[in-house]
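Have the model open beside you and take the points in order.

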Amino acid sequence: MIMTLTKIIKYIILCFLTIWLAGCDDDFADSEYAHVKVNVILPSELNGELINDASINFRNLTSGYITNFCYPSDNQIKVLPGLYDIEYTGTLISREGNSISIKGVRRSVQILSSGTTVSISTYCNLEIDDLIISEIFYTGTLQNSGNQYLGDDYVKLYNNTDHIIFADGITLFESKFMTTEKQTFIPDIMNEAVTVQAMYTIPGSGKEHPINPGEFVLLADVAIDHRTANPNSFSLAHADWEWYDESVTPGNLDIDNPLVPNLDKWYSYTQSFWMLHNRGFKAYGIARIPIDKEEYLQNYRYSYDYEIVTNAGTFPMNQTAYKIPNEWIIDVVNCSVESEWKWNVTAPSLDIGWAYCGFIDKDKTRFFHSIRRKLLYLREDGTPVLKDTNNSSLDFNSHTTPSEIELQHTIIGLGCDTAKTITYDGITPVSD
Amino acid sequence: MKKFILSILLIIIISLDFQGAIISGVVSDATDGTPLPFCNIKVIPGLKGITANADGRYNLNLPDGRYTIIASYVGYKEFTIPIVIAGKPLIQNISLSQNTLTLGEVVITAKESEGITSASKIDRAAMSHLQPSSFTDLLELLPGNISKDPQMGRANTITLRETGTLGATGTPISNPDYAITSLGTLFVVDGAPVNSDANLQTIGTTADASSPDYSRNITNKGIDMRSIATDNIESVEIIRGIPSAEYGNLTSGMVNIKRTRRSTPFSARFKADQWSKLIYLGKGFIIPHTGNILNLDLGYMDSKTDPRNNLENYKRLTGSARFSLNRMQNWGNIRFNSSADYTGSFDNTKTDPDLANGKIDEYKSAFQRFSASAESIISFSSISWLSSVELTGNLSYQQDVLERRKQVAPSRPSAAPTTMESGIHDGYFLIGEYIADYRSEGKPLNTFLKASVSNNLTKGNIANKIKIGIEWNFSKNLGKGQIYDLMKPLSASWSSRPRDYSSIPALNILAFYLQDLFSLKTSLGNMDFQAGLRGTTLPDLSRKYAIAGKIYLDPRFNFLWHLPEIRDLKPFVGGGYGLTTKMPTIDYLYPQSQYNDIIQLNYYDLDRPAENSRLNLRTYIQDAINHNLKPARNNKWEIRLGTSLGDNRVSITYFNEKLRSGFRYSNIYAPYSYREYDASSIRGSELSTIPTLDNLPYSDKTVLDGYRFVTNGTRIDKEGIEFQLNTMRWKPLRTSLIINGAWFRTIYSNSIVQFSPVNDVVNGKAISDKYVGLYDYNDGRVNEQFNTNFMFDNQINNLGLIFTTTIQCLWFVKSKLMAKEGRPTYYIDALDGKLHPYTTESEKDPMLRYLIKTYNENQFKTVKVAPAMYVNFKASKSIGKWLRLSLFVNRIIDYLPEYKVNDLIIRRKADAYFGMELNLTL
């Protein structure tokens, strides 16, 4: 999915052509134009927020000629009859203060005469100039006896932008708090920072690990072929990095693939190996911490009081963890299950929804499932653009078949068939 | 041998002069004159008791003086007659008249003992009214206790005079650190202690609270009361105060069980409740022409922890044959009791294969105890320097088998250490699922021998009872021990190793005691003083132990002063002080060694993981023996006050006990050196077998690791007030009221400083690999509770009906976590293995600063549980001649008000526990 240089050149030429063609306006009489009524269907999740700088582009597929209209201020939209790609763009500021772009595309629309009505469904997307989390596989698989197998958990990052992003210095973290247990933490810092219990950073000077647009980064717990230990699993030996927890105790043994580089372990709450919460009650995220590791470890500890409230009574507690300021965070996904969700453990500006695998606590249907970010559209070069509105409920396809199971055609459940189709997001199939 | 001793004794007796005379006669029925066999005859003063023979004849040898003879016989009214002995033989025939009521009034609760120390006495009638499933149920009658549901899915251990360990919400939790509570309570059956010192049935040293073994493990916890059936018990005395010096190897108190040794009709009991079914059959035979008695009984109980779950159950099978002989000779009296007993106690749990995807998870634990006892008491009526000789012996053999079978599915490739030796070895990779089998075979063998002599000296108003004795207790486990395949351990993070129990040395405990009970009759009332001294030693223990060769002396004193009576008012004051000592068990003296395995190389081969992977370990065998281990010792004192007024009795006891040397396993940290190999140069594709270590780059390192170590680190401080009031029966309603209860305040904590590692892994390094802090705080709780039980006891004799209504009020339960200091005083450093003071510099150190622990101040607030009130109802009714029907409902009514803890409203609920039983006597 790498954009080749020739494609970039083609694209530049196309842009020049467009500008040149734009100069040849008004060569046609008004009667030759077709008046088009454009009906923009705004995303349902919007609540009457004001949309700024909305515009509609009509691109004539025959001539390549582009006409730009402001919407809805340009009351008259008129183009020459022909075959068009119609694209709507706008921006809005969400209640959480994020700048969200709204886009919608209709491809190959035949406009023949005046009175044609075109409906465009639109969607929101954040403009983030960094990698995003595209998939988290935390549920694990099952062994033949029905026992859980958990070593095959992974996280995938994705370059959703149109340019190279360097993965160096991106920190993968797990929240300390659970989405299934709402507590009052004193002091409360949730509006400024995320409280984390595990942090693993992609090593590098800053320019060592370029990720092209449309390219994935696979971070694995144990980067080995898991089929040796569990025939129902798959291989993660091709991972880009793994988080390896070195220990001198056999009971805490983690497996290291010497061929896959290890993430730099900044902090972990456990002396045992770290694995993703297999019922999915945590938030996972990535951050770029702008200060060096020692300084961070020295200054960003966070000690807090809270009370565990149960039917039997309350238990006053104190814990110490680490905090990552919200402005350093690139992307966060809150995970939970419907029956247990109590709250999101990150500020609303980072994520106002949550994704899930399974529906109840200890749901046995959750195994072999992951959460995958939704496909919005494909760029011309075929690279997918994934949805990111900081609302994991809407941005993710929850409870879907993991991409690695699809790509490796391994089984999709205990006693089930192998995966046949490969999809972009667990739903939309990749058509050849 | 016995005949030989007897003939010597006879010679001694014959050669002695006689003072006084023989009184003899026949006991018969007043209506038709038929002789009544084996009537009990008591003589006051002197409290000498004998039994008439099969023909109803009795004879007694008494010094000159005035006496009262009391004859009692089941179903007959008591007969009392004063007599005077003046050197001439006397014939006194006794005719007894039948008791017209079918049921006499009986005591159906624990009687507060009138003896020299505080004790509760529970007899047959109280037990049959209570309808117990096991001995555990009897404890409800002790002051401070309320009725509890049987918990057949876990070991039932005893707590005397304490709240028990409580969790953060004031609810009971089990904590093995305070096992001395039950280990320090002695159980004696017919004069012989039930020894649990050689019990070792556990699943390795890897504690797993979810394992069925965790709640059923009885090692170091004394007696599992589930295994004691109550049906053949005649009476139980639970000594809460300072026991006589005759009894030892205990810290807390003792349970003295006397079993039925008399002629009884054939009786059968069938009990059923929510959880269990119980059957008991028993009969006491008189062996014709000898007057000896043989009691035979058989009992079976089948119980479930949850009535809906057939796969988790507990079964008990008991059988007993007891022979009793009582011979009156003209020189004195011989009593000989012997018994042969069997107790089988079986725990089974299993996961339902249909519910768990065919997973295998089974646990079976069987304890089978075979025991033979003999006790002979020879009393002499005419030797001035010797009143009696007692000999007691017991031999018991247990066959304990614990089996666990489990499908283990490592959730990722894991590894198991497999070596039994120290040094450098390779571990074994656990890849994929397997079935693990674990078996522990324990065969504890215990022998007990005791000999004592006593002499009663009476001169005027002073009476002395002197008793001197010696006791030997032997325990040894002959079992094969833990048997399992280290390549198929019960869990993927297994670190324990198999252990052969039979190679563990035996434990010999030798004790002697002397005691004098000194009674004085004065114008200020009768005074009794008991002074005793008991010495305990471990004679054959290796000299490496500090405890070896030492004699631990327990001085014990009790007094009871009956103040002069003022009309019906009979007040008394009593009290005592004593030291009690419990020697360590076999497990505490010879704990299982710990294996510290340290990874030197962790290489996982990607292509051929099962063949070419290598986990190289440096293994240290850490001897967990503490050669400085001391016995656990408890300092007790108590003050008692009480009075009776007619048939009303009241008593109140304040007690205070301090135990600072209870046994526990503490974690000790030490540095271990190892070689860290760099696996990155290994090329999997070039390997044909496991990689060699020879050419690998390495660095030598040290790491801190913890190991279990037995210490005297447990503190239990007990304090409280116990009270009991029995009123006389109020005739119109035939009701008496019994009020008992207690206030307990118990402190459970560590008595020595302790290491406590932190879990943080910072910058790829585990803090505890390098530093572990030593914290000087008490990791414990201060618990308090106060309860009162009101029992209304109605006995309508002519209807054969007894019913009781008990209101049990638990006024409060309080628990407070003791304050903790989060800053360590010292820390141990992996580099030198030494303790360093934790300074202000340490606080700034990038790693050491993690050793400071923080606490929520609210954790240290007292949690108070609001009052709880329950009403229990029990009734038993005789139907016809042979049948008695009983039923009970515990918590038929409850009052559990809401209360607040840290602003949270707590609502409670209680379920009723009910059952019924049928008793047949033919």
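1. Let's begin with chain A, which has 4 helices and 27 strands. Both are DSSP runs numbered from the N terminus, a helix being H or I with at least four residues and a strand being E with at least two.

2. Before going further, please note that this is a predicted model, in which local features need pLDDT of at least 70 and side-chain atom pairs count only at pLDDT 80 or more, while totals for chains, interfaces and linings use all residues. Residues are numbered from 1 along each chain as its sequence is written, chains are lettered from A and ligands numbered from 1 in the order in which they are written, and side-chain values use heavy atoms, leaving out hydrogens and water.

3. The C-alpha trace of chain A spans about 80 × 45 × 45 Å along its principal axes. Of the 432 residues, 54% count as buried (under 20% relative accessible area, with exposed over 50% and partly exposed in between; 1.4 Å probe, protein chains only).

4. Now look for N212(A), in the loop between strand 16 (210-211) and strand 17 (216-220) of chain A. N212(A) counts as buried because its relative accessible area is 17%. From its C-alpha atom to that of S247(A), 35 residues apart along the chain, the separation is 35 Å.

5. How many salt bridges does a search of the whole structure find? Over all chains there are 63, each being a side-chain nitrogen of Lys or Arg within 4 Å of a carboxyl oxygen of Asp or Glu. One of them joins R373(A) and D388(A), with the closest N and O atoms 3.4 Å apart. The pair links distant parts of the chain, 15 residues apart: R373(A) sits in strand 24 (residues 370-373) and D388(A) in the loop between strand 26 (384-386) and helix 3 (392-395) of chain A. R373(A) is buried at 1% relative accessibility, and D388(A) is buried at 2%.

6. In chain B, E112(B) and R240(B) form a salt bridge whose closest N and O atoms are 3.0 Å apart. E112(B) lies in strand 9 (residues 111-112) and R240(B) in the loop between strand 13 (233-239) and strand 14 (253-259) of chain B, so the pair ties together parts 128 residues apart in sequence. Both E112(B) and R240(B) are buried.
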